[in-house]
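Hello,

Here is the model you asked about. Please open it first, then read the notes below it.

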Amino acid sequence: MHNNEWSLIFFTLISQLSVGILLMFSFVFFVNPNYNESQIIWWKSPELLILLLLGFAGLISLLHLGRPINAPKSVSNFAGSWISKEILSLIILFISIFVLYMLRWILPSPMWLVKLMLIISSLASVIFIYSMKHIYMIETIPSWNTRFTPLSFFSSVLLFFLLALFLMNDQGGVFWRNIIQLKPLIIILIIFLMIQIVLGVFQQSYLSGMEKLGIENISFTKGMYVGLFCIKMIILIVSVIYLFYLYLNSEKMDLNSMAIMSLILILIFQEFIGRFMFYQSYFRIGV
Amino acid sequence: MERRNFLKWGAVLSGGAVFGNTFLGKLLTAKEVREVAQSYDSVERMVRVGCPSHNCGGRCLLKVFVRDGIITKIETDDRPTDNLDDPQLRACLRGRGYRHRQNHADRLKYPMKRIGKRGEGKFERISWDEATDLMAENLIRIKEKYSNEALYIPYGTGSYSQINGKWPADRLLHLFGGALGFYNSYSWACINRATPTVYGTRVTGNQRQDWLNTKYILMWGWNPSEIRDGTNSEYFLQKAKENGAKLVCIDPRMTHTAVSLADEWVPIRPGTDMAFMSAMAYVMISEDLYDKDFVKTYCQGFDSSQMPKGFEKEENYKDYILGLKDNQAKTPAWAEEITGIPQQTIIRISREFAAAKPAMLYQGYGMQRRAYGEQVVRGGCVLAAITGNVGVSGGWASGIALQADDGGPFWNVFPTLKNPVKAKIPSFLWSEAVTRGMELTANEGLVNTDQLKSNIKMIWAVASNAIINQHGNINRAVEIMEDESQVEFFVVQDNFLTPTGMYADLLLPACTQFETWGFEDGWKYGDDLILQPQILEAPWETKSDYQICADIAEKIGLKEAFTEGKNEKEWVEELMQIYRDSRFPDLPSLAEMEEKNTGVYTKKIKKPDIAFVDFRNDPEKYPLKTPSGKIEIFCEEMFDKNNPKEIPPIPKYIQEWESPFGQEAEKFPLQVIGPHYMPRVHSTHDNNDWLMEAFPQRIFINPIDANTRKIKNGDKLKVYNNRGALVLACRITKRIMPGVISIPQGAWWKPNKNGIDIGGSVNVLTSERWTPFAFGNAQHTIMAQAEKYKEAGA
Amino acid sequence: MKRLAFYFDSSKCSGCKTCQIACKDKNDLPLGVNWRRVYEVTGGDWIRENNAWISDVYAYNVSLSCNHCEDPICLNNCPTNAITKREDGIVQIDADVCIGCKYCAWVCPYGAPQFNETIGVMTKCDLCADYVDEGKNPTCVDSCPMRAFDFGDYDELKEKYGEEAHAYPLPKPEVTEPNILIKPHKSAERAANENPEVSNMEEIKHA
């Protein structure tokens, strides 16, 4: 196990965060197109936020390269290489969000066009994540070439989607009024986290079965890897318990409290752990 | 660009970068490489040259590509035919990776004089004029005050070609009235001394091409694939295998040779080879497998019917093996306890060896570089004899095996002249001659005189790291050399500042073999002469060993006598004539070899010489040069030493003075061996980063020993005994016997502030004690303990 | 056209790494970049029987550079098309096009592409294309003191030596169709069943 791929950890997570926010925004928009954005300062232009995040992710990914100046060449093999497809879909996504921004904030445009652009952007973002996960589906890397990889990548998107929804509160009059109406979201989040726990256990047991495959006697049951797995599971379990508590005592809770913020931060933190573990679990057949 | 600067950048170029691996270093290297490469677009020339002669056992041919002062690439022998009578002399990684030694930034560049204490490593640059003055002053002063016997050029093979290395220094001192001489070597003291006690000669080896005729080879402690025991020995062994021979490696480690050539590996405890050999003799005697006729006709000392006159009552070989006098039959069961080899294996190997006709028992030098190493040498020769494998094609008489029929290569043709000082000490006992030289007697191996006129007062180490790094018990050697009242003047002449150089009073920078003329012939085998034309100019202020000696000669009024008006190239030409007059009548002229750029002359071997073939055909007419004229199993000379416990007249197993069976094993339960290592030639190339990347210095330890000590692969271990300690990362490997650890010899000693070596030099653990008969180094006889190293406090 | 391939006799390889160093010298490779690597496989056990040790330890070496595969996974996946395959089979990385994303190193089951920190791009064995163009062998082939290599057209080598493209710890040849023929060491089959470690991994992954 090697590869402390920090720039890729950040790239994938921030990309998934961006897509999560985008999908959340699409969802909100389609469910309630009349919501008033202007009162929430940081929500002024979601497109710009997403563009900023995607741009930042892209720049970070350049740190991973040995010769970043050649980076534009990386779309050359769009027929064969999923990296090229990923970069290409990122570019298309970027452009479509930019167009969306133009349509919603600069140019006067009909609602149907905005909605179309939103759908296109959302599709592009899904394709982007799909390409991203496919990069890791290599037959010579059995620890990555599993169903758990796309599940992990899309789960991250879904988690960010749910957390963004969670945060989509107001000081008045936007989407969720107070925490009581968040109850369905809390249930969904609990179910989601429980699925993550189960998937995590399955994945860990699958990887543990790989000890005999390697030339390096890699071990997913000892040392840092299993330690991180335990931390991740503990965070998920604690989060589920807290969310249950939140659900049962929702009247007394303040949506902007430290506890809620900590919950969100710690869930993002376990995403980092998970992605770090993903890169650590790199294991290739052969030599 | 001025040549010196150019060469300086050459050093930057090749990885020994001044700024190392820093960003600045990379920047500088990349930029300078490009600039330098662009400023010279002259033609690249290719020169065929012998690989610089270190003491590896290989004598290989290189194709060196040079572009104006820099070697750009090194290839090897590519003569179109690569076959049995003239196989290509392919260099190993040590030759192929030579650029990273040649261009190393740490090359000694200028003469340096010590400031500060000995060992501090503080030197200041001086001119050659000052340096040669210093040499002359000290030579004259010490000669006048103490006599020539106080001068000493120690054993050293860092440069082992014909012109350079210690030979010119020997010549100079011999012209100067002489110096204390030495005999034997760190390589093969026991086997060199003991072989003639059996055969009356050292020329006991058939030429290698004969190996194809054998059916069975016991490769006893022999590892030609790693050490290159003569270029192409492994090639001939492959051919022997293809011809149907079975190869068995007997060794504490599963060596490179065992992996690539052996059909079977028999692991054996170090130092117990003689027990295995004795048990083999037991099987052969008790099962009537030995060659009775051969023993009757050609041997002496085997049983009571053939003991020399007056010794009939003494213990003969059969007595010993059957335990008739000492009540211990040397059975396979007895040997199993000692060697760790299962008795069934001992019995089977004995039967196989006896039945294979002909068979070879080839002795490597590791097992004689130990306590009582004389015994195992004789034991191997005796086994070869009693199975009738002497004087026949496909057989092998064992022993040191210099090549039939005239002994192999000329180890030294450069005329060092006669040493006016007759006294000689064993090469390993120089430290005794320093501390108590005048007390030495024949009991310490002093020959040709009853008493030395003086202790050693001046040491001039040329191409030698054997004063500190390669000698037994480094900590003791250091103590001795730190005392300026003992050795008053210590000169080290080398390419690099080695651990030996750290204690010098004067450092003389020698150039490398590429930077001067020379030539080499084979190493132990070999019907080759390989030219070493000078292909680069000596950089900075380095000079060839020959030139340094000539400059010193001038200061002591001996220049004409020393040089005879010749430079290195002229010497080469003259010495080649010696070959032409004897072994190689067709040897082309130097001019022709230079012009044709052939690099090597080979005498093709169609019919290999067999040792002792005349003796075998007619022992009356061609007796051996032994007292009886026969193969002597019983040695009167050894009997006369009157030390039966340590110098028995028949080959015996003697428990080593440090062994797993002695009391010392309670505190120090592990046997340590220090074998030769693939990336190095002794201590040469320890600073070659390419080679050390391929084979890092490690403590090789068996998983069983590692587990009991809770050690994981890569952990730092502290290995220690009463003499010293080292700390080094380990490599857990199954390829070594449990109870044995291997710390390859030659790593440079690097003491930390607590005096613990972090360079991994096995000689902090070895002993200065020598073998009783040959006065040889017993450097593999070590017991020690290993444990996981804890950082705080040593 | 020719389909260039290596023939490697693992039963002859002593693990001396002359091939690795010969390659480093010809291509001036820095530390940490080894276009040719020698893997040591060791397995078996030590069993104590009274005071004797019985060993069924086995070991052998595999020397690998790049197999210039027929279906190169590096070429298929390189995002910049920096990797191309010549008509004679040589797979090459164009340093001017490469972005140094290391993806080829991730996917190659032979460890062939190596990242060169000094120049920031991926590099690997180029089968000594300059020598091949002159009709000579790659330098590693001619360097081996044990004469463990041969080189030439795949079909000709197959006819000369028989076909063995797989020896533990290499992956199955169906994955990338490597142009290498290996004569396995006598212990290779046992290794394939027991999955022992490559014991010298620290020498290959630069510390």
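**Backbone points in chain B**

Lys524(B) counts as buried, because its relative accessibility is 1% (buried means under 20% relative accessible area, exposed over 50%, partly exposed in between, with a 1.4 Å probe and protein chains only). Lys524(B) has a phi near 70 degrees, a positive value in a residue that is not glycine. Lys524(B) sits in the loop between strand E17 (518-521) and strand E18 (528-532) of chain B. Helices (H or I, at least four residues) and strands (E, at least two) are DSSP runs, numbered from the N terminus.

Before going on, a word on the model. This is a predicted model: local features need pLDDT of at least 70, side-chain atom pairs count only at pLDDT 80 or more, and totals for chains, interfaces and linings use all residues. Residues are numbered from 1 along each chain as its sequence is written, chains are lettered from A and ligands numbered from 1 in the order in which they are written, and side-chain values use heavy atoms, with hydrogens and water left out.

Asn597(B) also has a positive phi, about 55 degrees, although it is not a glycine. Asn597(B) lies in the loop between helix H22 (590-596) and strand E19 (600-602) of chain B. Asn597(B) counts as buried, at 19% relative accessibility.

Two cis peptide bonds are worth a look. One joins Lys357(B) and Pro358(B), with omega about 0 degrees. Pro358(B) is in the loop between helix H15 (343-355) and strand E12 (359-363) of chain B. Another joins Ala404(B) and Asp405(B), again with omega about 0 degrees. Asp405(B) is in the loop between helix H16 (373-386) and strand E13 (424-426) of chain B. For context, most residues other than glycine have a negative phi, and most peptide bonds are trans.

**Chain C against chain B**

In this interface, 55 residues of chain C are in contact with 55 residues of chain B (contact means heavy atoms within 4.5 Å). The two chains bury about 4,400 Å² between them, 49% of it on carbon and sulfur atoms. Buried area is the accessible area (1.4 Å probe) that two parts lose on being put together, summed over both. Asp25(C), Trp46(C) and Arg147(C) supply 17% of the area that chain C buries against chain B, more than any other three residues.

The rule finds eight salt bridges across this interface (a side-chain nitrogen of Lys or Arg within 4 Å of a carboxyl oxygen of Asp or Glu). One of them pairs Arg99(B) with Asp28(C), the closest N and O atoms being 3.4 Å apart.

**Chain A against chain C**

Here 37 residues of chain A meet 41 residues of chain C. The buried area is about 2,900 Å², and carbon and sulfur atoms give 57% of it. The count of salt bridges between chain A and chain C is zero.

**Confidence in chain A**

Chain A averages a pLDDT of 85, and 85% of the residues score at least 70 (pLDDT is the predictor's confidence in each residue, from 0 to 100). Over residues 38-42 of chain A the pLDDT is below 50, and this stretch has five contacts in the model beyond near neighbours in sequence. Where pLDDT is low, the predicted coordinates should not be read in detail.

Best wishes
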